[in-house]
Amino acid sequence: MKTRRLSSTALTLALTLWAGAAWAQQDPPITIDTHVDIPLAYMREARFDVGKDTPLRVDLGKMERGGLNAAFFVIYVEQGPLTAEGYAHAVAQAKQKYDDIDLMLKRYPQRIRLATTPDQVMANRKAGKLSAMIGIENGYSLGHDLKNLDAAFARGARYIGLAHVGHNDLCTSSMPTADLGDPPLSDAGLSAFGRSVVERANQLGMMVDISHSSDACVRDVLQVSKAPIIASHSAAHALINHPRNLPDDLLRAIAAKGGVVQAVAYKGFLKLDPGRELAEKALQAQVAKQAGDKTYDSEKHDFLPAYVEGMRRIDAAFPLPTLDDYVAHIRHMVDVTGIDHVGIASDFDGGGGIDGWQNASETRNVTAALRRHGFSDNDIAKLWGGNLLRVWRAVEQDADAHR
Ligand SMILES: [Zn+2]
């Protein structure tokens, strides 16, 4: 008996050390990643069945092994023309993605459950289950019809990212697209339709997400929204001069409104590397050509062997940003806004992933890096989900108050 007891103590100690988790006064904090993309054919092709080992950076096994409790899976559609045909295509693409997430939830109810409220996220964790939340990336998928926002809410969507790359009918993008005939950046921000989307999201209790929106649009949203807002995956412009990154005045304004900015582990926003950018563009052109397509489509081409092999060569030649580079953005944001307004997002399977946090199974490395840089357990609990859940609750309560 005695030896058995000793060995179980030794096992517990080993597991604790392995987890790198010495949570002094509390349980490990809830860990929430606010931006995870899903490929076309998610769950419908065997290689994208996330109950098994997959080439994806996020699948159920990787979340379980890495201690990632919850993720917002993203309904992304690429920006296309603002025509009846374009809208119809976007609505159909979005529907497919909702269906694919449903398929995951139906196939693995013992491992992952939908969470449409912060309470459900906590209840799922208590029950030892993962949580899947749903976020929208690009309001283009609403097809210029406000009723589709209500439909999205009914399907479980809890944030609406207004834009992506290229201006749309809701607001101007941080990255206009010449291919779509976009004018360059101007003071134009939120459109009348965009305004009605923000107002309706407030009424529904859906968070408004300004990642990818132009700075002018962010300022407009801050004026229009009654509830706090989020940036689901953004980095700091003061550290890296990239149009997708948020300048300090907007970080402060989002915080002043009670919101949260989820720092993103996306290589190009954490470290400028023109050589890598050129190499990636050349690879994408080559892979698209081989596949018989005019342009590179990340959802279609990212998992082709030629692309995966090519990216391996590029990663060797142009080192990815490190966890230290990533934590520098978190540190800067915390210095500017305070500890209550910053969170964590990977952008996995949408281009995210850095040295040390390449997939969900490496999630504990982020915690270790935050500790190394002097963040306390309490700080880390806020960064890993406490802040996001606070904002989500505030958005729910604001909706209730105005119903
Ligand atoms: Zn994005």
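I started at the domain boundary: 13 residues of domain 1 are in contact (heavy atoms within 4.5 Å) with 6 residues of domain 2. This is a predicted model, so I kept in mind that local features need pLDDT of at least 70 and side-chain atom pairs pLDDT 80 or more, while totals for chains, interfaces and linings use all residues. Residues are numbered from 1 along each chain as its sequence is written, and side-chain values use heavy atoms, with hydrogens and water left out.

I noted the bounds next: domain 1 is 27-272 + 321-402 and domain 2 is 274-317, as given by an automatic or database domain assignment. Their centres, taken over C-alpha atoms, are 25 Å apart.

Then I checked the buried area (accessible area, 1.4 Å probe, that two parts lose on being put together, summed over both). The two domains bury about 840 Å² between them, with 53% of it on carbon and sulfur atoms. On the domain 1 side, Leu 40, Lys 267 and Leu 272 supply 41% of the area buried against domain 2, more than any other three residues.

I looked for salt bridges (side-chain nitrogen of Lys or Arg within 4 Å of a carboxyl oxygen of Asp or Glu). The rule finds 1 across this interface. Lys 267 also turns up in a salt bridge with Glu 280, closest N and O atoms 3.0 Å apart.

Last stop, the metal. Which residues coordinate the zinc ion? I found Glu 137 (OE), His 212 (NE2) and His 233 (NE2), at 2.1 to 2.2 Å; donors here are N, O and S atoms within 2.8 Å of the metal (3.2 Å for Na, K and Ca), and water is not among the atoms, so the site may look incomplete.
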